[in-house]
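I opened the notebook to log what I looked up in this structure. Entries follow in the order I made them.

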Amino acid sequence: MKQKKLLYTGKAKSVYRTDVKGKLIVEFRDDITAFDGGKKDTLKNKGCYNAGVSAFFFSCLEKNGVKTHFLEMLDEKRMVVRELSMIPLEVIVRNLAAGSIVRNYPFKEGTPLKPPVIVIDYKDDSRHDPMLNDDLIIALRLATPAELKRIKTIALRVNTILSNMLAQQGITLVDFKMEFGWQGKTIYLGDEISMDSMRLWDKKTGESLDKDVYRFNKGDVMATYNRVAARITKVPGAAKKAVRVPKKTRKQAR
Ligand code: 5GP
C-alpha cells in the first residue's frame, strides 16, 4: 500500500490518503499536547506506544464483536484504517469521578459511578469541546435518537470489554474517550484508544498511568507510557493480530 496525500493533521496524529479506495493511513506522531494545545512537547517513541496500544485494543474489541476502523499496522507508528465520515462527538465513559466532572460538579475524586456515566462533548477545539445533551445532539443533527442510542450501547460495551481486560493487569479504567464515524450505514469506532485518551489508575498504588502524568507533571511520562504499554499488551488470551509495541518496551519494562 502506498501512502499518498496528507488529508488532515491533528494534535498528535496525521491522516493520509492511500492508493486503495476507502483505506487511510493514520500516523501516530511523537507529539503530545494538553489543555487545548496550551502545553506541547515532542517525546521520542511516544507515537509507537499509542499506536501499539490502540491497535491492541481495536483488535481485542473486534474479537469481541465491536466494529472498529482498524485494519492493520504498517509499521510501529502507522495504522491502516477504514475511511470513515467522522461524527464530531467525543463520547466519554466514566467509571470513577475524575478530571472535568470533579472540577465542574460536586463529585469527590475517585467516587465510583455505577452505572457508568456517559458524557458527550462537541468536538470543536475553538469552542473548547462543550458538553452536549441528547436534545442538543439531535437538534444539531449530529445523530438521530436511534443512532445516539446505538452509539451509547457500543460505548458501554467497549467500556465493559476494556475495563475487564485492564483489570486483569491490575489497572482501573477510570474514564476514556471514543470517537465514532460512518462507513455506509455502519457505525465504526474510530480515532484511537490509548494512554492519551484514557484515565488509568494502578489498582494497588492509585498511580496515574496515562496523560495525566504529562498534564500535571506527575513524573516521567515516557517511562509511564513504556511500562503501561507493555503491561496492557500482555493480557493473556487477548488479540495477537498485527500489534507491534516496540520490542524495547517489553524489555525495559521488566
Ligand atoms: P475530562 O473530561 O475529564 O477532561 O476527560 C475525560 C476522559 O476523556 C479522559 O480520559 C481524557 O483523556 C479523555 N478526553 C477528553 N477530551 C479529550 C480530547 O479532546 N482528546 C483526547 N485525546 N482525550 C480526551
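**Fold and dimensions**

I looked up the secondary structure: the protein chain has seven helices and 14 strands. Helices (H or I, at least four residues) and strands (E, at least two) are DSSP runs, numbered from the N terminus.

I noted the ground rules. This is a predicted model, where local features need pLDDT of at least 70, side-chain atom pairs count only at pLDDT 80 or more, and totals for chains, interfaces and linings use all residues. Residues are numbered from 1 along each chain as its sequence is written, and side-chain values use heavy atoms, with hydrogens and water left out.

I checked the box next. The C-alpha atoms of the protein chain fill roughly 50 × 50 × 40 Å along the principal axes.

**Burial and contacts**

I looked up burial. Of the 254 residues in the protein chain, 52% are buried, meaning under 20% relative accessible area with a 1.4 Å probe, protein chains only.

I turned to contacts (heavy atoms within 4.5 Å). Among those in the protein chain with a separation of 6 or more, 58% involve residues 24 or more positions apart.

**The β1–β2 pair**

I followed strand β1 (residues 3–9) into strand β2 (residues 13–18). A hairpin of three residues joins β1 to β2. The two strands run antiparallel, and four bridges join them; strands pair if DSSP finds at least two bridges between them. Which residue in β2 is the bridge partner of L6? I found Y16.

Key
Buried < 20%, exposed > 50% of the residue type's maximum accessible area, 1.4 Å probe, protein only.
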